[in-house]
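We will walk from one stop to the next, and at each one you will hear what to select and what to look for.

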Number of protein chains: 2
Amino acid sequence: MAESFPLPVFHSGAPLYDQLYRHIAGAIQSGALSPGAKLPSKRRMCALAGVSMSTVETAYSLLAAEGYVLAKPRSGYVCADLLPPAPGLAVPPVRAADPTPSRWAFDCSTSSVDVSAFPFSSWARITKEAVYENPGLLQRGHPQGDEPLRAALASLLAQYRGVRCDPEQIVVGAGADYLLSLLLQLLPEQRAVALEDPGYPAAYAAATLHGRQAVPLPVDGEGMCPEALADSGAGLAYVTPSHQFPLGVTMPVGRRSRLLHWAASAPDRWIIEDDYDSEFRWSSRPIPAMQGLDRAGRVVYLGTFSRSIAPAIRVAYLILPRPLLERYRSTFSHGACTVSRFEQESLRRFLVQGLYGRHLRRTGNLYRKKCALFTGALSNIPGASISGAEGGLHFLLTLPRFTEEELVARAAEKSVRVHPLSRYCHAAPPRLSTVVLGFAGLGMEEIGRAAELLREAWA
Amino acid sequence: MAESFPLPVFHSGAPLYDQLYRHIAGAIQSGALSPGAKLPSKRRMCALAGVSMSTVETAYSLLAAEGYVLAKPRSGYVCADLLPPAPGLAVPPVRAADPTPSRWAFDCSTSSVDVSAFPFSSWARITKEAVYENPGLLQRGHPQGDEPLRAALASLLAQYRGVRCDPEQIVVGAGADYLLSLLLQLLPEQRAVALEDPGYPAAYAAATLHGRQAVPLPVDGEGMCPEALADSGAGLAYVTPSHQFPLGVTMPVGRRSRLLHWAASAPDRWIIEDDYDSEFRWSSRPIPAMQGLDRAGRVVYLGTFSRSIAPAIRVAYLILPRPLLERYRSTFSHGACTVSRFEQESLRRFLVQGLYGRHLRRTGNLYRKKCALFTGALSNIPGASISGAEGGLHFLLTLPRFTEEELVARAAEKSVRVHPLSRYCHAAPPRLSTVVLGFAGLGMEEIGRAAELLREAWA
């Protein structure tokens, strides 16, 4: 056996023990070495392969550790009886889905922010300090997020959003979509979820993914219609009262009150208040959150920094009413928080050092100017009407002499990307001739040029 | 009306417009101002309240924006018809769940790591550079994680773990538990999940949370029993072949092959290979992953940096076989990656600059010494036997003259926290008289003292 033992051709690209190990393992796997066959003794293998004893010992011990060979007392190493490899399947290659770089001259998508205003040097300093000054943060933290960050959030939200909560009600997590998913897991009895139509696609996707019925409800000039909600049979409603996505409607306090009454009038009714884009309001200061009006403990508040700081900052938070907090703790108490503790500490410093407030003021001014510039430049297109521009980072433009498809196609011919409103519509008949225009990711000059192209496109 | 209008008592703690706004909003909400009642004209209010016109204008526009009042042409502002606040519920206060600081002198839990070896200055430098040098990272990235990090992971895993994959098969996410949850969402047809017993509690929790049947299967000296798996009716098996949690067993290649055959022999069978603790192996080098042996594309590989770097680093990754990659992309393509792009870039730099390899070698040596010290110091307890100490950051100790409860209680009397093995057991009858001892979070000196206390406790 030993004389005919198949030997590897050594090369310089890997350690010798590894090459020897792989060679023998491959021979056993392929059947070239049969079950029960003996390996050459270690000393013999040294001579055969021309390698050192430590090389052979390492290779043999790996083969034994992984079960390719069995070490038998007094007879050395024998090959194990392995099943042949399970047959391979012919699997079609997956299409390359890495997004191709944008071919658009101007992309008016709604998900960008202006990164030019980001305080890079402050953030870099803060992250470095957060690492240096907090070695304890390397260990596992609180599943809801670290208490100092939650305390800073509670204080910030009381001040900016009229939210009333204890830090212990806050759950920090890696993005609003993740927290929405967590919330659905927390409410398994809610088989139907009432959603705004048109509305946020990720909320529809989350409901469907968790096996719930997504019930699209119409949005009027004040937000989700309470009559439709009452008739829907749903016990869980997802709303964006500060700045309805995508219509840009702000829900007045009367409508908020009616939704709160709906929730309080039966057990197990909940409202998810996604406070998306509430930081940016041009016509007046931001409107306080529904959560602060809720006496019955039925509103789950959902906030995120992905717009107010940057999409890269994957920090969002839920504020759970106390009955749901109990439920959360009995269900999820084993898990770890999904946000790096260093990033939590960086964000906390950003908040308490006043950098966040300064950043909001600076970007708010910037976005206000961009919004005014873009809407001003487009409003003189004959027949065009603009809506939803009182706040947030996008608005709608309606131009009845074209269909929605025509508006999108004509813009695309000028290499300007705009989204049709129907993209966000479900059961509702799409409002024809309306497109959604995001402006946050474009510079002032770019907005001027994009507007010029759109005026030509839609002339 | 105007003469009897309720006026606020102004104080210096908030802007005047805000105090005026809150006062009137409160009066409307409480019914002190009835629906249809007129507000004093702006000029009149200036005089009544003794404030400037801009203060009144700001307060009135807020009230109008939020729907507390309606602006009627030529008759000014009238109070809206609001529902009274929904009644409050008496909700019991939630028990404070913020974990109380450890009262143990020595905590032998399995979830700690040694942070003394963490390269703080390198990590701080890298995170700072990652922010400074990559402003583009503020925008939304690839939902699977940024390509450069995935490429670095693919190359690292090929080298260290024998994993074969393209970067496009990798999904980066905020922790192993999160990714396990995502995977279950991707496999809704898998109603039953086969799990190791004893096994990782979070895997059981995830299965239950997603409404699946958790099927506990026995673990023998080679890992999950293939006969039990074949009989279980499950189509999805979760295994920890590198270092079974908590028994510490390594699955030999023959057993791996049998599980792969099980998966390949029917459609819709999948194996989740959680490669937990594979980086730390004391008796030989780390054993290559099952994923690298899988020809049929049925293994989903799950890896994390929470042990090999730190629990605070919330970066884990899945490697999806191509059929599941297709499914993932059609289901989850809308979402954003749950890991901050700055943290992704920091980790990439840590990997490609060779700092990770150096860190693994350094911590590996440290943990090897700790393991040897702790097992050595405990092995001379008469009747004690130690198992699962060939790798990983914990081992088992069995001492038949005490029950498991006695072992835990006697250790607790000495202020040493150890976990009973039965904590991780489900259907399997608990092995009596066995405790799980983690050592990573204890220093060398602490291990010496903890071992001394345990020898006294279990004498």
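A word to settle before the first stop: a residue is called buried when its relative accessible area is under 20%, exposed when that value is over 50%, and partly exposed in between (1.4 Å probe, protein chains only). Helices (H or I, at least four residues) and strands (E, at least two) are DSSP runs, numbered from the N terminus. The model is predicted, with local features needing pLDDT of at least 70 and side-chain atom pairs counting only at pLDDT 80 or more, while totals for chains, interfaces and linings use all residues. Residues are numbered from 1 along each chain as its sequence is written, chains are lettered from A and ligands numbered from 1 in the order in which they are written, and side-chain values use heavy atoms, with hydrogens and water left out.

**Stop 1: helix α1 of chain B**

Select residues 16-30 of chain B, which form helix α1. From first C-alpha to last, its 15 residues reach 21 Å, close to the 21 Å expected at 1.5 Å a residue; the expected span is 1.5 Å times one less than the number of residues. Now show side chains: B:D18, B:Q19, B:L20, B:Y21, B:I24, B:A25, B:A27, B:I28 and B:Q29 are buried.

What covers the buried residues of α1(B)? The cover includes α9 (253-264) from chain A, and from chain B it includes α2 (42-49), α3 (53-65), β1 (69-72) and β2 (76-79).

Pick out B:Q19 in this helix. B:Q19 counts as buried because its relative accessibility is 8%. Leaving out residues up to four places away in sequence, B:Q19 touches B:P8, B:V9, B:F10, B:H11 and B:A14, where contact means heavy atoms within 4.5 Å.

Just after the helix, stop at B:G31, which takes a positive phi of about 95°.

**Stop 2: two helices packed together**

Next, select residues 147-161 and 341-352 of chain B, helices α5 and α11. They pack at an angle of about 35°, with their axes 9 Å apart. The axes are lines fitted to C-alpha atoms, for helices over the stretch in contact, and angles run from 0 to 180 degrees between N-to-C directions.

Show B:P148, B:L149, B:A152, B:L153 and B:L156 on α5(B); they meet B:Q344, B:L347, B:R348, B:L351 and B:V352 on α11(B). By class, this contact has eight nonpolar residues, one polar and one charged. Here Ala, Val, Leu, Ile, Met, Phe, Trp, Tyr, Cys and Pro count as nonpolar, Asp, Glu, Lys and Arg as charged, and the others, Gly among them, as polar.

**Stop 3: a covered helix**

Move to residues 176-186 of chain B, helix α6. How many of its eleven residues are buried? Ten are, so the helix is mostly covered. Among them is B:S181, with a relative accessible area of 11%. Setting aside neighbours within four places in sequence, B:S181 is in contact with A:Q185 and B:H210.

**Stop 4: the cysteines**

Colour the cysteines, and you will find zero disulfides over all chains; a disulfide is a pair of cysteine sulfur atoms within 2.5 Å. For A:C46, the nearest cysteine sulfur is that of A:C79, 18 Å away. A:C46 counts as buried, at 14% relative accessibility.

B:C108 is buried, with a relative accessible area of 0%.

**Stop 5**

Most residues other than glycine have a negative phi, and most peptide bonds are trans. These last selections are worth a look against that background.

- A:F245 to A:P246: the peptide bond is cis, with omega near 5°. A:P246 sits in the loop between β8 (236-239) and α9 of chain A.
- B:D197 to B:P198: this peptide bond is cis, with omega near 0°. Look for B:P198 in the loop between β5 (192-197) and α7 (201-209) of chain B.
- A:D268: phi is positive, about 60°, although the residue is not a glycine. A:D268 lies in the loop between α9 and β9 (270-274) of chain A and counts as partly exposed, at 36% relative accessibility.
- B:S415: phi is near 65°, a positive value in a residue other than glycine. Find B:S415 in the loop between α13 (404-413) and β14 (416-417) of chain B.
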